There are 2 protein chains.
Amino acid sequence: MKRRILVIGGVAAGPAAAAKAKRVDSSAEVILVESGEHISYGICELPYFIGGEVKDPGRLIVYTPERFEMEKGVVVKTLHRAESIHPLRRLVEVRDFERSVVLEIPYDRLIVATGSRPKRLGIAGEDARNVFTVKSYPHALALERFIAESHPRKAVIIGAGYIGMEMAESLAVRGIECVLIHRHDLPMWGLEQGTREAVAEELSAHGVRFVAKSEVIGFDVSGDLLVKRVRTQNESFDCDLVIVSIGVEPESTLAATAGARCGSHHGILTDRRQVTSVGNIYAAGDCCEVRNVVSQKWMYAPLATIAARQGRVAGENAAGGSAIFRGALRSIAVRVFSLEVARVGLSSHEAKEHGFDAVTGHIEANSRIPFFAGNAKVHVTTVAEKRTGRLLGANVYGRDGAVLRANTLALAIQQRLSARDLAETDLIYSPPFSPLWDPLLIAASRLNKPMRDNEKPDSD
Amino acid sequence: MKRRILVIGGVAAGPAAAAKAKRVDSSAEVILVESGEHISYGICELPYFIGGEVKDPGRLIVYTPERFEMEKGVVVKTLHRAESIHPLRRLVEVRDFERSVVLEIPYDRLIVATGSRPKRLGIAGEDARNVFTVKSYPHALALERFIAESHPRKAVIIGAGYIGMEMAESLAVRGIECVLIHRHDLPMWGLEQGTREAVAEELSAHGVRFVAKSEVIGFDVSGDLLVKRVRTQNESFDCDLVIVSIGVEPESTLAATAGARCGSHHGILTDRRQVTSVGNIYAAGDCCEVRNVVSQKWMYAPLATIAARQGRVAGENAAGGSAIFRGALRSIAVRVFSLEVARVGLSSHEAKEHGFDAVTGHIEANSRIPFFAGNAKVHVTTVAEKRTGRLLGANVYGRDGAVLRANTLALAIQQRLSARDLAETDLIYSPPFSPLWDPLLIAASRLNKPMRDNEKPDSD
């Protein structure tokens, strides 16, 4: 008898899981249900569509449902929302929005990939016509339509995380005056202090007003349901547009209600095969928590890379395979105007929190030979275990090659290498691309002997 | 009594060794002798001075003798050529060119950093006024002066290695017509076939004529001592300028004559502390051979990175320390017009030669999200041990981020990681910088299961 694998959720982890499952067991019947109209699109690219860097919104869609069905052999049902899972009967109740009926879809294996939802402020006016989140393809289209039709001049962005940064840039390049309201003293909690200061400077240099240590306490809403003013405890800000980017939380209720164990971040917990605590149910993507490979602790890291990897593992295993997902570092980068900002592994704060006796080192170095075109300062902050020198985490920022350099640190951290291992690595020196001592070598060498050696490796 | 450390050679390894020695033992008397007028300059940058990218030749000099003396506390004697070493008497005979005398300089520890010399063709006319090598600061100044005064229109470059590539570009951007004569069928022996083909195409696309499988058999020299025509076995080429870039060989005669053991590449052999076979004599830089950390075989790899590392190790040990140089990968990159070309570790040819049962995989992938500005194809060729998947070497080429990506491969190879380790690495995805599946992950994943899996990781 044909095995039926049912996948709930069509954005990132779901399609990865479905395609992989079908590839591993081509005889299986793989069905994907998605409550929205679209599947398989890039959430990370949405801000760049608003910013105009991506002209054609169609490019954001990796697969249409039709193409996905044809190329991957997966049955796709859009506008179908899973409403409840019945593990004992092994079926899911699914509402078909077009026909307005509730179907019961039986499964042999179920993969939950319900993703995440934007956190809400819980303030009256949050659903006004000019308040947007940037979490889905329809959100982005709606925001773009609003900007094109209403020509807002002033925007208030609430929350200075990754999406807040990207939206500030995207709106600013369109000539919209931006105020960025954040509850902490600096943007981007989770990065090191120096990195956060550099980000704040970059925002300010591009005319974005960063309002620190502020909580939004109210919206003034006009009769035509538009927020006209955003109020914080200290100050009020006139606006034509509001972006709420205060983070996301796992959409885990469906699985939790069916009995799946969740963690302290409210994400679904799975084993390394992406199996939940409920028989025959797998989970993947933003609805899950993930093991941090450095600390071996659970974290919530809603990232496309992790979703794709977890999805493939869930899909392979649901189809009878035995794949393993070992966890993730949380490797992230963002462009803040012309500044590249990357973070891999643990922050110095997390390292301490997780009981590491950690040291932190910071260096500033040239990305290329100083007198070559394209040279810029690269800043590297590394966090390492004091006794062993084992690399635990890093921030890299600058205007030339910060992100790709962070990838080398990601490999070092994931492989539990020490600062010394990195310092001894034979990296490339080539005048148009990199200096004799790459910033990574300088950073590693500094951390390797922070007390004794003040020399710059490139000074002799 | 004060320890005296004498260093012979002032370009790369010598200054690194001298500075390090003085830093480790500040009471030591450290003397550096150099036969030329200049010390501490970048040989790798010389072609870019000819190409005009480096405007001020003064920028090529890292330290003047005066500044090096002042900042590093090392006594510098330029225009002093070491002529013979007497290990039993522990002294070096040094010719002082200015005073035209030969001095005897005693030492407690000697560091030989005599570098390399350009290989010669052994053909009459090689010393004509318009024939140049690009191996030293004075060479570059002389070539620049010749171009400025004589306005050559046609150049013949002999030898298509790294310097040949850089000189072709440097001369071509100045409007000089270039013919590149090479004895192999493709440029840049040591790179993989596909990489070499891409380089040949890039040369041709920029109007450089690549003449394959040709040996220069003669020069036609005019009465005013200029080469007017370069003859090969098949064809002759009119020219106003000749660049000879057929490689370099170790300048090891001085040490060899004093009894230092040399290897099959004629470079000085040392232990991991950079100690030669002769008591109290260390060696570092282009005059030495170096252990390939992948094959554990001796190789000749005259690179600034290796020279600097060896120099520091020799300096530290000569001053009483106990530093170790474990060897090198041979990490190299070159820009060929707008193509970035990088190579790390063993070539597929070398892997076989050294007895590895190796597989080679090649992928082409996007450097960024396809519809983002700056996206370009990146090509990655990886060589791995068949049974274990251990990465042995790689080529990366393309027009966006090839070199910095090769550095991540360098770390993987040096740390004996497998394709699978790399494939599981949590690299960054950020639309302006890198795609969901970085080319490195695609390359690693392809190599990890070359037979079974034709999927592109970014296709699901």
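Contact, as used in this report, means heavy atoms within 4.5 Å.

## Basis of the model

This is a predicted model, in which local features need pLDDT of at least 70 and side-chain atom pairs count only at pLDDT 80 or more, while totals for chains, interfaces and linings use all residues. Residues are numbered from 1 along each chain as its sequence is written, chains are lettered from A and ligands numbered from 1 in the order in which they are written, and side-chain values use heavy atoms, with hydrogens and water left out.

Helices (H or I, at least four residues) and strands (E, at least two) are DSSP runs, numbered from the N terminus. Strand E1 of chain B, residues 4–8, contains B:Arg4. Leaving out residues up to four places away in sequence, B:Arg4 touches B:Glu29, B:Ile31, B:Ile105, B:Pro106, B:Tyr107, B:Asp108 and B:Arg109. Buried means under 20% relative accessible area and exposed over 50%, with partly exposed in between (1.4 Å probe, protein chains only). B:Arg4 counts as partly exposed because its relative accessibility is 21%.

B:Ile85 is placed in strand E4 of chain B, residues 80–86. B:Ile85 is classed as buried because its relative accessible area is 8%. Apart from neighbours within four places in sequence, the contacts of B:Ile85 include B:Ile8, B:Leu91, B:Val92, B:Tyr107 and B:Ile281. From B:Ile85 to B:Gly315 there are 230 residues in sequence and 18 Å in space, C-alpha to C-alpha.

Two packed helices are described by the angle between their axes and the distance between the axes. Here axes are lines fitted to C-alpha atoms, for helices over the stretch in contact, and angles run from 0 to 180 degrees between N-to-C directions. In chain A, the axes of helix H1 (residues 13–24) and helix H8 (residues 304–318) come within 7 Å and cross at roughly 35°. The crossing of H1(A) and H8(A) is right-handed; a crossing has this hand if the near helix is turned clockwise from the far one by less than a right angle, and is left-handed if anticlockwise.

In chain B, helix H1 (residues 13–24) and helix H8 (residues 304–318) pack at an angle of about 35°, with axes 7 Å apart. H1(B) also passes H8(B) in a right-handed crossing. Among the residues that meet there are B:Ala13, B:Lys20 and B:Val24 in H1(B), and B:Ala307, B:Gly311 and B:Glu316 in H8(B). This contact has seven nonpolar, two polar and four charged residues, where Ala, Val, Leu, Ile, Met, Phe, Trp, Tyr, Cys and Pro count as nonpolar, Asp, Glu, Lys and Arg as charged, and the others, Gly among them, as polar.

A nonpolar core is a set of buried Ala, Val, Leu, Ile, Met, Phe, Trp, Tyr and Cys residues joined through side-chain atoms within 4.5 Å. The largest such core has 87 residues, of which A:Val344, A:Leu391, A:Leu409, B:Val344, B:Leu391 and B:Leu409 touch the most other members.

Helix H12 of chain B (residues 439–448) is mostly covered, with eight of its 10 residues buried. Its buried residues pack against H8 of chain A, together with elements of chain B that include strand E23 (358–366) and helix H10 (402–414).

For A:Cys178, the nearest cysteine sulfur is that of A:Cys239, 11 Å away. A:Cys178 counts as buried because its relative accessibility is 3%.

Methods: Disulfide = S-S within 2.5 Å.
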